[in-house]
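Visitor: I'm new to this one. Could you show it to me and let me ask how you know what you say about it?

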Amino acid sequence: MRYPQGGGLTAERRAFREGIRRQAAERFLQGAPNTTIAKELRVTIRSVQRWRAAWQAAGPAALRSKGSPGRPRLSPALLQALEQELDKGPLAHGWPDQTWTLRRIQTVIGRRFHKSISLSGIAQLLRRRGWTHQLPARRATERDHAAVTGWIKETWPQVEAPRPRSGHGSSSRTRPASR
C-alpha cells in the first residue's frame, strides 16, 4: 500500500505483515484450509491463496518481505553530488537564466549520473532533501510598493470582470417564462 505523499510502509509495519505471512505458513504445514486461515489472521482469502501458491512454489523464503518498494535511485554520495551541481546554478550547466526547473534537473541527472528519474520522482526527492519551490531571497530594490498598492486598488477592479449577481433562478429549463 502506498500513500499519496510518496510514503509507504514503515519497517515495523513490513515486519508485522511478514509475521502474519509466517503464521500463515505454519498453518499451511498443519493443512488448514484457506478460509480458516483467512478468518484467524483477519486477511482476505485471496491473500491466503497467493501466499499458499508462493509458499508451494518457493517455500517459506517466498513469504519474506522484499523491503521498501521506494528504494532511492541515487545513492547518498550521488545525492550529495547532485546538490553540489544544483548549488553551481543553471548558468554553469548551460542554461540562459537562473531558474531551476524539474526538467532541467532531470537533464543534469541524466548527463552527470546517467540515471533516468521521472519528474514527479525528482520533485519528491528534492522535497525530502529540503529543497522548495524557488522564491526570491529578497524583493527587488526597484519595486515601488506605492505603485503596486495603487494598481491593486484602482486598476485591478476595472480589469476584473464583475461577478454575476445571484438572483432567483428557474426550476425548469423548459419554461423560460417561469423565471
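Guide: Happy to! This is a predicted model, and the protein chain averages a pLDDT of 83, with 83% of the residues scoring at least 70.

Visitor: Where does pLDDT stay under 50?

Guide: Over residues 1-6, for which the model has 10 contacts beyond four places in sequence.

Visitor: How do you know that the buried residues of H6 line one face of the helix?

Guide: Start with which ones they are: in helix H6, residues 119-128, Gly121, Ile122, Leu125 and Leu126 are buried. Buried means under 20% relative accessible area. Looking down the axis of H6, these buried residues fall within an arc of 130°, so they line one face of the helix.

Visitor: What covers the buried residues of H6?

Guide: The cover includes helix H4 (76-88) and helix H5 (102-113). On the face turned away from the buried side, H6 carries Arg127 and Arg128, which are exposed.

Visitor: What follows H6?

Guide: Gly130 does, and its phi is positive, near 95°.

Visitor: How do the axes of H2 and H3 cross?

Guide: Helix H2 (residues 34-41) and helix H3 (residues 45-58) have axes that come within 8 Å and cross at roughly 115°. The crossing is right-handed. Asn34, Thr35, Ile37 and Ala38 of H2 make the contact with Ile45, Val48, Gln49 and Arg52 of H3.

Note on methods. Residues are numbered from 1 along each chain as its sequence is written. This is a predicted model: local features need pLDDT of at least 70, side-chain atom pairs count only at pLDDT 80 or more; totals for chains, interfaces and linings use all residues. Side-chain values use heavy atoms; hydrogens and water are left out. Buried means under 20% relative accessible area, exposed over 50%, partly exposed in between (1.4 Å probe, protein chains only). Helices (H or I, at least four residues) and strands (E, at least two) are DSSP runs, numbered from the N terminus. The arc is that of the directions from the helix axis to the C-beta atoms. Contact means heavy atoms within 4.5 Å. Axes are lines fitted to C-alpha atoms, for helices over the stretch in contact, and angles run from 0 to 180 degrees between N-to-C directions. A crossing is left-handed if the near helix is turned anticlockwise from the far one by less than a right angle, and right-handed if clockwise. pLDDT is the predictor's confidence in each residue, from 0 to 100.
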